[in-house]
Amino acid sequence: MYEDHERKLFSSFEKHEEFSRNQAELLQLDLTVKPSKDQQAEDQALYMKLVYTLDEYQEQSYLLDPYLEELVTPVVERLKAYTIEFLADRSRQASSSRMKCLSGLLYAYTKFRGYKTIIRFFPHEVADLWIVLGYLDAPDSCVQIPSHWELRYVLLLWLSIVCMLPFDLTQFDEDEAGYTASKIESVTKNYLSNAGLERESAALVLSRFYSRQDTLDRFSAFIQWGQDILSQSPTLFTTIGLLHVLCEILKSGPLELVQSRISSFMSLADAVDAKETLISNTIVRKLRTKLISRVGLRLLPGKAGARRAKGRFLTGDSAAQQFDMEEETIDVPEEVEVVLEQIFAALQDKDTLVRWSAAKGVARIAERLPAELADQVLETVLGHFAIHSMTAASLYDVPAIAEATWHGACLACAEMARRGVVSVERLQELVGWLSKALYFDLRKGAHSVGSNVRDASAYVLWALARSQETASLAPLASDLARHLVTVSLYDREVQIRRAASAGFQEFVGRTSLFPHGIDVLRKTDFYAVGVRRNSFLVAAPQVAEHMEYRPYLLDHLLDVALRHWDNSMRRAGAESLRRICLVDIETLGPAAIKRCVKLLEATDNSDVHGGLLGLTELASAYKEIYSGEALDSQKRKIFQYLARVPESTLLGPRNEIVTAAACDLITQTITLSEISLGVYSSVPNWRKLIDFGLKHRDLAIQEAATTSMGSISRLVDCSSVVLLSFTLIRELKKGSPTSQRSLGRLLGVIDYNSFPSCLPQAIEALLGGVNRTAGPFENNVEARQTCYEAIPLVLQNFATDLSHHLSSDVVLSLFDALLDGLEDYTVDERGDIGSWIRMTCVNSLGIVVETLITRAQHMSNFESYLPPSKYHESIKGILKQGVERLDNVRQESGRTFLKLLSLPPPDIAGPNRWVVQDSDYLRGLFVTDDDIGWHDANWLFPRAVKILEVEAYRRPVLLGLIASVGSLTDSTHRPVSASLVSYVQSLPLRTTDSQKYNLSSLTADLLGHAKTNSTVNSVVIPILQVFNVLLEGDAFRLFENDLEGLQLLQRLFAMVSRYVDRVKNVKRLHQSMRVVVHLLSFKKMYKMCVQALPSFLSHQYPSVRSDTAEFLYISLQSMDLGRDTDEAENVLLETEW
């Protein structure tokens, strides 16, 4: 339920009325009454409904602003009313659960809209002070319950706003002077060491308490308390609470309170820094950074920032942009320099939280400094970029530790730019560093670091667009446009592509300096760059149409994308390179090839892989433009570059991606002339490479190598190629299990249509490969699967002239092999691995049938290639798989069946013989507008049982349903059982129409199938489960007074009660016993069932005895047998079975 609302966008608070009703109902509950369990559950459900509604609107919380006062005020008033009631009569204890709901709702509001917004609606009268303070201090209130942290949090927020009222606290003192102030201080300080949110609200209370005129003198004692705490062994949470109080006071406390104690603040910060256990915590370092930043701020006057422009007006009115830039003489205290040094160090902290706090501190202090000093601050920040770059030859040689430094510097620059502190003179240097930061991506093990640096650099550029004059940005606009476009299209991370796109949009909207800005922005907007594939393959080629951006995009692809550490990025980059080069292949192609070739000579496998991918895609681009001799010439030029990659690299044990890419390059560039040259080819080892790939254990390399063989087979007769001789097939058959998988793939991709002399040998190898009893792959399911996948590929190869190349006997033998694959139920430690074969055969049958039927009019003897009987056998097999127990098998079978159901009949005489029986009836069952597949058992089985009405497909569907009833998966077993019971209950006892199904026929079919396979437990046990399901559903009640029906039940009884002592399978015994017990309810079966039960109760297996006793006892209690069974029940209950 919580996932649904994440994608919703609202235009208003649509649930206002419902929410108000629910809240009013919650507020009407009597807090002093302890609810029952049921009432408590109802209260909790009502509360959760309110919280869920707020969560639903969390991303658009502003929509509730018009309603906040009317929603929040009643909740606070209800809390206040109870508090007053409790303080007047301490016996009026609140229900813990209801108080938690009330305070939880109030906390949910603060989480939803922020405490600063919600606190405005709290009551803040003078009389409220002792109301909230008294309840907080009461030892028997709900505040003292540890789990009621929400209550403590909202009460402390309430106290914080009451503390701001301008009244003298001494007027509340009765006996002892200063009692009220001491009570507020003591109660609140207790919560500073808490781990929960109440610590934050307590810090807020204390900061406002010490900022009062009548309590200023107490702050010195608090400072001393803090120093004493830090001098000992302070707890982490106490330190965080202390720092939080100090930060709040520095933010909003009176100037005289702060400036007189600057040294105390700094000494506390130093004391925290000296404690290793404290300073290692991220929150402590963040608060310490915030503390010293605010110390620096309070040392400076607040005027300078007002003299600077924080942003430009979109109106372009120059008069409106003029600010008084006259600098006053400002005495900058020496402490500010100390503060800045510490903040600069924090900019390099390992945690983003600390760096972000330091960045804001630097910018705020610089904003208050004179322009000259602010420029020095910016210079120091820019110096952070050079810390790790002085000895680096390029950005990729920068150490990974530089990530934190660069990120902190970028954040500081962004905050300074946003506040208008960046001078025009520094723009050139700043943009130069940002141009590097946009591409900061350093390899670190199996991943990279630097995404946060790239994100922050885009943020800086976005801020510059908002704060700088157009004239200042004009000289830099062209470079900025190209960098931002490149990053928005080609960065690996979606958030950075979108950040760069946002920066580009800001520049276009505010400066109009970028070339073709509006058009490019339309192609690289938020949604266009949201999906990497769309960004690389659609948006980038569109942007490359503009000459101003094309060279930069190509440079990035060739220098960065093709060398990227991520394999998927290299592949996407190569595809993008092809699409861009297609714009002007004659000019761009040779230059791109030259640079890709340089990558082949690199020592890093990633570079070699990228170079091979680039050449492969460029060869594909030439195929789209050229043809004939011109194309062959270009392909030969590219093919020869493969020789530049050392053979040790191509065939290396850990260079799988390079090997696969080399095979792909051969696929795209191999020509007849190169094949004819043999050992004198420009790449002499290309045959060795393919041979190595075919036998490799990696599936990707096998697929690439077999695809290469497919390309070769289109150029030369495969029988003349050494690699495709009988020797290779023999080697693959006897090779390792992984290399055996290549045989099917290889035989499937060969172009037999051009050179059919390989065909008989290939067909023989395929038929032998799929033989699971005596074939070479009888123990290798994956190898058999690839052979099954190859069968439809071979037939599709000859689709246009099938009868010329293949006889009907060969096609039927292949068809029979696919039908046989539907019966593959191989099981090993991985589970039902035969399902891979069955899914493949279902899909292959669909392809073969569709291929033959669509080409029927071009075949003179179509019926011999696909007899109607074979067609309907395939339908039966597919439907059987479609109602079995595995979701993925059902889904594939359903997809294939619906495809065949919608297939038009062949264009020959008597076409209706190749139409699904009762196709209209079946379309009505399964062709719906619902976006639900056959994998959904609840949707499928109520429809699937109705296929039993179609006589032609009755038996296979029944067998499939039997298998599903025997499923161990509850999500399958329950729906199929319920659907089968419902269907059987609707059947008549018998019918005059032989084609209509009836109860007697169904029972006879089940018994007949069980008798035929009486020794096969995997068949008999599911059938017994079906009988038990139907007996439990009372589906055989019509048999009670029917002679033929009773005879069928007697046959069932004879099957389950015969030779009980000889059966060794416990599951079969359990199911047989259940059938006997169920048959007790039939009066004419009662006696024989009673006589059969002792054989189960006295069985040699203890589990059979105990299960029989237990099941019989439960059944006797629920059955109405018309007899007294108390004595039997007592025996069953008291005996140790």
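Which residues lie nearest the centre of the largest pocket? Select Arg885, Ala963, Gly966, Ser1018 and Pro1022, which lie nearest its centre among 38 lining residues.

Before going on, note that this is a predicted model, in which local features need pLDDT of at least 70 and side-chain atom pairs count only at pLDDT 80 or more, while totals for chains, interfaces and linings use all residues. Residues are numbered from 1 along each chain as its sequence is written, and side-chain values use heavy atoms, with hydrogens and water left out.

**Stop 1: the largest pocket**

The volume of the largest pocket is about 1,200 Å³. On a 1 Å grid over the protein atoms alone, a pocket is an open set of points with protein on both sides within 12 Å along at least five of seven lines; a cavity is a set where a 1.4 Å probe fits but cannot get out; and lining residues have an atom within 4 Å of a point. Grid points are joined across faces, edges and corners, and a volume is the space filled by probe spheres set on the points.

Next, colour helix 49 (954–965), helix 52 (1017–1032), helix 54 (1066–1079) and helix 56 (1102–1118), the elements that give two or more residues to this lining. Helices here are DSSP runs (H or I, at least four residues), numbered from the N terminus. Helix 52 supplies the largest share of the lining, seven residues. The lining of the largest pocket divides into 15 nonpolar, twelve polar and eleven charged residues. In this count Ala, Val, Leu, Ile, Met, Phe, Trp, Tyr, Cys and Pro are nonpolar, Asp, Glu, Lys and Arg are charged, and the others, Gly among them, are polar.

**Stop 2**

Axes are lines fitted to C-alpha atoms, for helices over the stretch in contact, and angles run from 0 to 180 degrees between N-to-C directions. Angles under 35 degrees count as roughly parallel, over 145 as roughly antiparallel, 65 to 115 as roughly perpendicular and the rest as oblique.

Show Leu1093, Phe1096 and Leu1097 of helix 55, which meet Val1104, Arg1105, Thr1108, Ala1109 and Leu1112 of helix 56. Contact means heavy atoms within 4.5 Å. This contact has six nonpolar residues, one polar and one charged.

**Stop 3: Gln668**

Go to Gln668, in helix 33 (residues 656–669). Apart from neighbours within four places in sequence, Gln668 is in contact with Thr616, Ala619, Ser620, Lys623 and Lys635. A distance drawn between the C-alpha atoms of Gln668 and Glu617 comes to 8.4 Å, with the two residues 51 apart along the chain.

**Stop 4: the two cavities**

There are two cavities of 30 Å³ or more. For the largest, of about 100 Å³, select Leu438, Tyr439, Asp441, Arg454, Val487, Tyr490, Asp491, Arg492, His556, Val560, His564 and Met569. That lining has six nonpolar, two polar and four charged residues.

The second largest cavity holds about 50 Å³, and its lining is Leu26, Leu27, Leu29, Leu31, Arg78, Arg98 and Leu102. Helix 1 (16–27) and helix 4 (96–113) are the elements that give two or more residues to it. By class, the lining of the second largest cavity has five nonpolar, no polar and two charged residues.

**Stop 5: helix 18 against helix 19**

Select residues 371–387 (helix 18) and 402–418 (helix 19), which pack at about 155° with axes 8 Å apart. Helix 18 and helix 19 are therefore roughly antiparallel. On the helix 18 side, the contact residues include Val377, Leu378 and Phe385; on the helix 19 side, they include Trp406, Cys410 and Met416. The contact of helix 18 with helix 19 has 13 nonpolar, two polar and no charged residues.

**Stop 6: helix 7 against helix 9**

Finish with helix 7 (residues 149–162) and helix 9 (residues 198–210), whose axes come within 8 Å and cross at roughly 15°. Helix 7 and helix 9 are therefore roughly parallel to each other. Among the residues that meet are Trp149 and Tyr153 in helix 7, and Leu204 and Arg208 in helix 9.
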